[in-house]
Amino acid sequence: LLICYRKPKTKRAKRFLEKREPKLKENTKIAMLIKGGNANLRVTEVLKDIYAVKKPFAVLYRKKNITRPFEDQTSLEFFSKKSDCSLFLFGSHNKKRPNNLVIGRMFDYHVLDMIELGVEKFVSLKDVKNSKCPEGTKPMLIFAGDMFDVNEEYRRLKSLLIDFFRGPTVPNIRLAGLEYVLHFTAVDGKIYMRSYKVLLKKSGCKIPRIELEEMGPSLDLVMRRTHLASDDLYKLSLKQPKALKPKKKKNISHDAFGTTYGRIHMQKQDLGKLQTRKMKGLKKRPAEKAAEDSGVSPKKSKSA
């Protein structure tokens, strides 16, 4: 395999390539939302609402693209490399699969796994006349239902939804910033997606009273086709560089209660040179100091 590599001729091109180089701590994943060639109004509204939820970490393609992800993935891989996106949501509509969504993710600009979902019921952001969260709010994700832990396809869908909606990694969290909840429920072969705004009300104490107000969008989904990565490829995509792995600290142990114990190695201490409390009675005379330096024992003073 011969790969042609051209060096950048301008500083702008060099900076562009440096941004796309592998990093120890990767950037926040960006999602691309694509309309199929036969997308109807409902699918278009779903893509617009999810784009509003994902902003600014999303790219919305407004033109229709004639492609079928489960048959040919070259178009998705091309758009992924062009816009530097590792997540995608593809919407289409036809008689066999009405109101269809395909959610997936990339690994090294190739499709890792994707799951096809059908939209049975949809309530948009416009239909719910409540206040909305500001753009770029990081959501709290809640998953309910045994299927997310028992079934492999639902388990992979849970991982995919977390990857899609998690947003940026933040070092600190403030209470007022916890204002957006995305709730996913799997029951009776359907997935219910609901979004709520968290309201902090007065409770008469330091801890506020929490109320949830439906904000939109809300979706009733059903799983259709799946394209899951093999175990080896999935394991390779989760591999972390050695520099990010925590280093093992020597001579440190923990007990059952979480108490940390440290072992210190010290050289043999000369107790003769140990500094003691300075007292007038223990103070050495000049003759004793001179005798110690010369190595001769001092003579006892004659009593008068």
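Let's start with Asp108, which sits in the loop between E4 and E5. Those labels come from DSSP runs: helices are H or I runs of at least four residues, strands are E runs of at least two, and both are numbered from the N terminus. Phi of Asp108 is near 60 degrees, a positive value in a residue other than glycine. Asp108 is exposed, with a relative accessible area of 59%. Exposed means over 50% relative accessible area, buried means under 20%, and partly exposed lies in between, with a 1.4 Å probe and protein chains only.

A word on the model. It is predicted, so local features need pLDDT of at least 70 and side-chain atom pairs count only at pLDDT 80 or more, while totals for chains, interfaces and linings use all residues. Residues are numbered from 1 along each chain as its sequence is written, and side-chain values use heavy atoms, leaving out hydrogens and water.

Asn251 also has a positive phi, about 60 degrees, and is not a glycine. You will find Asn251 in the loop between H6 and strand E11 (252–254). Its relative accessibility is 41%, so Asn251 counts as partly exposed.

Now helix H3, residues 74–83. Which residues of H3 are buried? They are Leu76, Glu77, Phe79, Ser80 and Ser83. These residues cover an arc of only 165 degrees around the axis, which puts them on the same side of H3. That arc is taken from the directions from the helix axis to the C-beta atoms. Here is the general rule: an α-helix has 3.6 residues a turn, so residues three or four places apart point the same way.

Turn to the face of H3 away from the buried side. There you see the exposed residues Phe78, Lys81 and Lys82. What covers the buried residues? The cover includes strands E1 (31–36), E2 (58–65), E3 (87–92), E4 (100–107) and E5 (110–123). Just after H3, Asp84 takes a positive phi of about 55 degrees.

Asn65 counts as buried because its relative accessibility is 16%. Not counting residues up to four places away in sequence, Asn65 touches Ile34, Lys35, Gly36, Gly37, Phe79 and Phe90. Contact means heavy atoms within 4.5 Å.

Over to helix H5 (152–165), where Asp163 is found. Asp163 is buried, at a relative accessible area of 13%. Leave aside neighbours within four places in sequence, and Asp163 is in contact with Lys29, Leu87 and Arg105.

Next, two cis peptide bonds. The bond from Lys55 to Pro56 is cis, with omega near 5 degrees. Pro56 is in the loop between helix H2 (41–54) and E2. The bond from Gly216 to Pro217 is also cis, with omega near 0 degrees. Pro217 lies in the loop between strand E9 (209–214) and strand E10 (218–227).

Last, the record. UniProt, in an unreviewed entry, places the feature "domain: Brix" at residues 29–232. UniProt positions are in the numbering used here, feature names are shortened, and annotations may be inferred rather than shown by experiment. In the model, the end C-alpha atoms of residues 29–232 lie 22 Å apart. That span is 22% helix and 41% strand.
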